[in-house]
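Please read the numbered points below with the structure open beside you.

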Amino acid sequence: MTCVEFTVNGQKCTVNNILHRDTSLSAYIRYSLGLPGTKAMCRQGVCGACIVNVSARRHISGEIETFSVNSCLVLVFSCHGWDITTVESIGSRGLGYSEFQKRIAAFHGTQCGFCTPGWVMQMQSLLPKNLKMIELENSFGSNTCRCTGYRSIFDTIKSFAVDASPELCQQVDDIEELATCIKDRTRICNRKCSETNSESDWTVINADPEAVITVHFGDKIFFKVFREDQIFQLFNSYGVDNYLFIDGNTGKAVINEIEYPAVLIDISAVSSLKQYHFDQNLVLGANISLEECLEIFKNTAATMDDFKYLEEFAKHLDLVAQMPVRNIGSLAGNLMLKHIKPSYRSDVFLLFEAVGATVTIRGAGNLLVSLSLPEFLKYNMKGKLILNFELPPQGPKHIIRSYKIMPRSQNALAIVNAAFNIKMNPSTSVIEKATIVYGNISAKFIHATQTEKYLKGKNVFSNSILQGAISRLNTELVPVEDPAEPTPAIRKKLAIGLFYKFILSIAPISILKPIYKSGGTLLTRPLSSGKQDFQTDSSLYPLNQPVQKLEAIIQSSGEARYVNDIPPLPKEVFGAFVLSTVHNGDVDVVDAESALAIPDVIAVYTAKDIPGVNSFTFPGFQLQKEDEEVLADTNIKYYGQPVAIVVATSEELATSVARKVKVTYKNVTNVTPVLTINKAKLDKTRVISGDTIEPKGRGTNVRKVIKGVFEVGAQYHYYLEPLSCVTIPVDNGFEVHDVTQWMDLTQGAVSRFLNISESDVHVKVRRLGGGFGGKISRNVQVACASALVAKTLDRPCRFILPLDTNLTIAGRRLPCQCEYEVGVDNNGKIQYLNASLTEDDGFSHNENVLSYVVSSFANCYNADYFTVKSFAVTTDLPSNTFARAPGTLEGIASIENIMEHIAVAVNKDPTEVRLANMVQEENDLPTLINTLKTSAEYERRLREIKIFNKNNRWKKKSIQISVMLFPVIYYGNYTAMVSIYRGDGSVTVTTGGIEMGQGVNTKAAQVCAYELGIPLEKVTVIPNYSFVAANNIFSGSSIVSESVCFSIIKACNTLKERLKPLKDQMNNPTWEELIKKAGDDLVDLTATYMMTDKEPELQGYNVFAVTILEVELDVLTGKFQISRADILEDVGLSANPKIDVGQVEGAFVQGLSYFTSEKLIFDKTTGQLLTNNALSYEVYLAKDIPVDFRVNLRYNSNNPKGVLGSKAVGEMGICSSHGIIYALRQCIRESRKDSGYDANQWFEMDLPLTTESILKALNVKNSELILY
């Protein structure tokens, strides 16, 4: 057989060598089948946007089962015999929508919607399992959402649990009668997606069903085998020097440098490798999937005493990757990653080695070899096949524990993992044998052999013996330096802490000091919950009505179109950037010839091919001060800067070839790059000054002088939709479908770049899959590159950045440093404050945010005694850009750090210090603080936390109040066009405000319906067009919804004025009658208005918010859990409270993630970004959010300075998140007090507050690790 056959949504598909061999299932679904609902972003199985369902026969059960997979990791040629279901088949306009699609829309579980089909597909695979709420929550480490904050998604998911709470059941009852959208009642999709389809017999091939499938691709070849002997026959025929086994192919997510060789052998259908049985041992087939193995372990542990330890292994395996990866990732595949790359921290290797498992390997001539796992790592695996793993029984004397400490709750590689297996005499507690295995210490380190020997024959439950073991661990643990990993000292500290935690977990209660007991357990997350409290006024509906977002249902079905969802076009090509491998110098030669020799590579372009100005910025536009090159030629600015474009016939080929293009450079100087603010400040040519605050006086009661430095780093926006553009030559110009927040800049820059008129560039934006400021200007580099290809080849060009390129070249939030000196009285009231704020602009000063930093620095405090100066520096990094609350977040975080420092110095409650320094006029925060303290039961919880901390040495809790005053100003101009159609009186609206998840389209429709006095279902909001909203400013700064609605109000007023004479003439006409008459009389039923920041009705105002956070910290691991968050925010009279709650939650979680998890690490010598993928740049996942998440919108609020009484909401939540820093600081302070440090001494903490930063600040001494 020379092809592979499977079905997609019930339709038979046959793939052969017309496709590239390395084509992923994701690419096939999108580009070959034209099904755009399945998205892609990270291509590592982290974001989950690519999830599809598969129904196939599982070898262990022998049954047809449905399971989820990451289609971006699966090769399409590995899908033989699968019945694949994509989101299009779950529900749609034509089929009707599924219950989950309806609920996630009604629960407001979508914002930008790009990730939503992935959540739908993961849930679809779980529905038949009848899971409980806690099980469902645990099953979504597979999916990432940057917009919602996850709470609304979790509520949707849990509503399908067999034990769904009464509150969730009531919500379901409330939405049963809701429409799919505001126009049409939901149709229910009755298709059973895992049901055998009518063509199921096609898989029964007439020839031998186990005949090898062979597909030739010139000098490459693909095989799918079904028996072990077929593998060795292929070895005999093709040799063993250039092959790779494929099972799930999930290893590509972890080790990106794996290159596919000439021969690929798919062994996923070899049944003998996917069975298990018992002799004396548990014998696991090598290719049993991790998820199946997890279930085997659970079932075995429940029924066989000597294998009870497998319950511990099952818990550990649950932390490996996530469910769609575990569904097809195999045991052998995981172990082979460790074989290929010994530094890989394999959890499977760790667990199996802890119990002395062996591996059986088959070689030529059916030679079988049984090896220990360390022997396996050194064994030459060429021409060999792993057959099975044997796990021995462990009798009642064995005590086994394993640990995996990760940067986040799920789907992450271990910082350190450990497994301990102690064989102990139950009568004497003497250790007969100790096995101690660690991961991520070094490539060579496996066992703590010295400590194992030391413990043998000893009773570890004495302080002296325990300290002796810790001393030996301290000596033999020598972690290697890895710039992308926590420091060796921290990894050693964590490894020792885990050993101590293990001993505490097994120590007899009779000898253990009670305050140490809780140190023996890890933090366990309970079932999450959330509450949203707000008012509505039904007399104002549809204004102030919490209606479902307009796009929600089509986002859940995958029908909502994004840029790369434009159907495949005739003759289209794909572009990809070639990135520089130096941080300075000039391009000498780009080896285009070698690239062009590869089949289906069409062109390679460099800066010399650009017909216009080589820049994607436009000096003279707002924010734009200098040119930034699309393709560098001379004077390279940073490592990874684009220097060329590869054009090919597929996305994957263009990306692959671009990474291999050889570029030589000249005039490269041997100097290290400038990567930090401190280093840049040493060069005066890199520094410019900005806004200032001048003092009005100085206090005289200075009792303490406090000095410090506060520094926050960069933040990648992590929008799920990557920077993308589709450019189509049309007539004499180009249609540019760009992922832009600023159509005007895209239009202007592309025309300047191509040297054509702006009128020949037509920009269209339907929606964005997230933006957060990252698509104001950085996207234009991609748009220009796409346009260059389209113009040069006169063919449509699709240009989608892979995540590593996106992370490397796209600007981020600006790092900020605040140096301060403050004099205070004994109550902490500021007498003078001198502060210097410095921002890192990257290599250019475009999008400088100093004015925002300075204007927000005072927050809610009296700035009369403030002296503030601001500076911006350039570094050898990509030019940074706006990110949610640009500058404002850094400014507020800086002053809040100062307030905390003051509180520690004067030994006062931080809230008292804040209140003492607050402005009195136009400040609602004191009232809001009291309101939230009461509703959140702050005082009671504070008392309980004090008792907890006194009684627990190794777990600490804190509760913290934080405040936020966000200054809102109106900026720029936004157009709205409202058109009424005479046939039925329906209305369309198009604006200059880009929908990116913030709900601007829904609010626009609500305001339009409210102003015209018509039902909401009469209004449709259509895409954004550059020719309608010409010269409009970017969508950002939280004011888009208000500004657009203001323009809609004005346009509606114009229409009402035109209709009034007719309405007065008619006898109380219906809307439809009035509009028909107006159309007959040729009344202009289209009105346009452009709001500007000069409107007298629009004045700046402040948004207030108070947050109370409760946190629990595990001192031994540096891991923490946000137990509860209460937020009270004043949003005025909300146009849509549900949308506003979602904005608060999403922004807040984005801030939590920023301050505690997200870290960009660069090679100090080259400037290369090392954290350039989804497994090294970690954002929060669903189980990282507050366990109890409560959002309250202020009652009885109406903003006289805003639009229809509302206040902006998009950015404020992230500025409320800084409290996490001080909640954790308080936990650390409590532990340091127990360690003997001065509780009133301010200690430094590096942000973000990762495990490394927290353990460093805790600074627990090994001598403290005792039992009594």
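1. Ala 106 is buried, with a relative accessible area of 15%, where buried means under 20% relative accessible area, exposed over 50% and partly exposed in between, with a 1.4 Å probe and protein chains only. Ala 106 is found in helix 2 (residues 99-106); helices (H or I, at least four residues) and strands (E, at least two) are DSSP runs, numbered from the N terminus. Between Ala 106 and Tyr 260 there are 154 residues of separation in sequence and 44 Å in space, C-alpha to C-alpha.

2. Some words on the source are needed here. This is a predicted model, in which local features need pLDDT of at least 70 and side-chain atom pairs count only at pLDDT 80 or more, whereas totals for chains, interfaces and linings use all residues. Residues are numbered from 1 along each chain as its sequence is written, and side-chain values use heavy atoms, with hydrogens and water left out.

3. For the protein as a whole, the secondary structure comes to 34 helices and 41 strands. The radius of gyration is 31 Å, close to the 33 Å that the globule rule gives for 1268 residues, so the protein is as compact as a globular protein of that length; this radius is taken over C-alpha atoms, and the rule is 2.2 Å times the number of residues to the power 0.38. Buried residues make up 64% of the 1268 residues. Of the contacts (heavy atoms within 4.5 Å) with a separation of 6 or more, 78% are between residues 24 or more positions apart.

4. Strand 7 (residues 220-224) has four of its five residues buried, so it is largely enclosed by the rest of the structure. Strand 6 (residues 213-217) pairs with strand 7 in the antiparallel sense over five bridges, and two strands count as paired if DSSP finds at least two bridges between them. The bridge partner of Phe 217 in strand 7 is Lys 220, and in this hairpin, which has two residues between the strands, Gly 218 takes a positive phi near 70°. Strand 7 also runs parallel to strand 9 (residues 263-266), joined by four bridges, and here Phe 223 stands opposite Ile 265 in strand 9.

5. How many aromatic pairs does the structure hold? There are 45, where rings of Phe, Tyr and Trp (its six-membered ring) pair if their centres lie within 6.5 Å, and planes under 30 degrees apart count as stacked, over 60 as edge-to-face and the rest as tilted. The rings of Tyr 500 and Trp 954 have centres 5.6 Å apart and planes at 85°, so this pair is edge-to-face. Because Tyr 500 lies in helix 16 (residues 488-506) and Trp 954 in the loop between helix 28 (938-951) and strand 33 (955-968), the pair ties together parts that are 454 residues apart in sequence. Both Tyr 500 and Trp 954 are buried.

6. Phe 621 and Trp 742 form a tilted pair, with 6.1 Å centre to centre and 45° between the planes, and both residues are buried. Ring pairs link Phe 618, Phe 621, Trp 742, Tyr 852, Phe 882, Tyr 971 and Phe 1034 into a cluster.

7. The charged end of Arg 767 sits over the ring of Tyr 562, 5.9 Å from its centre.

Note on methods
Lys NZ or Arg CZ within 6 Å of the ring centre and 35° of its normal.
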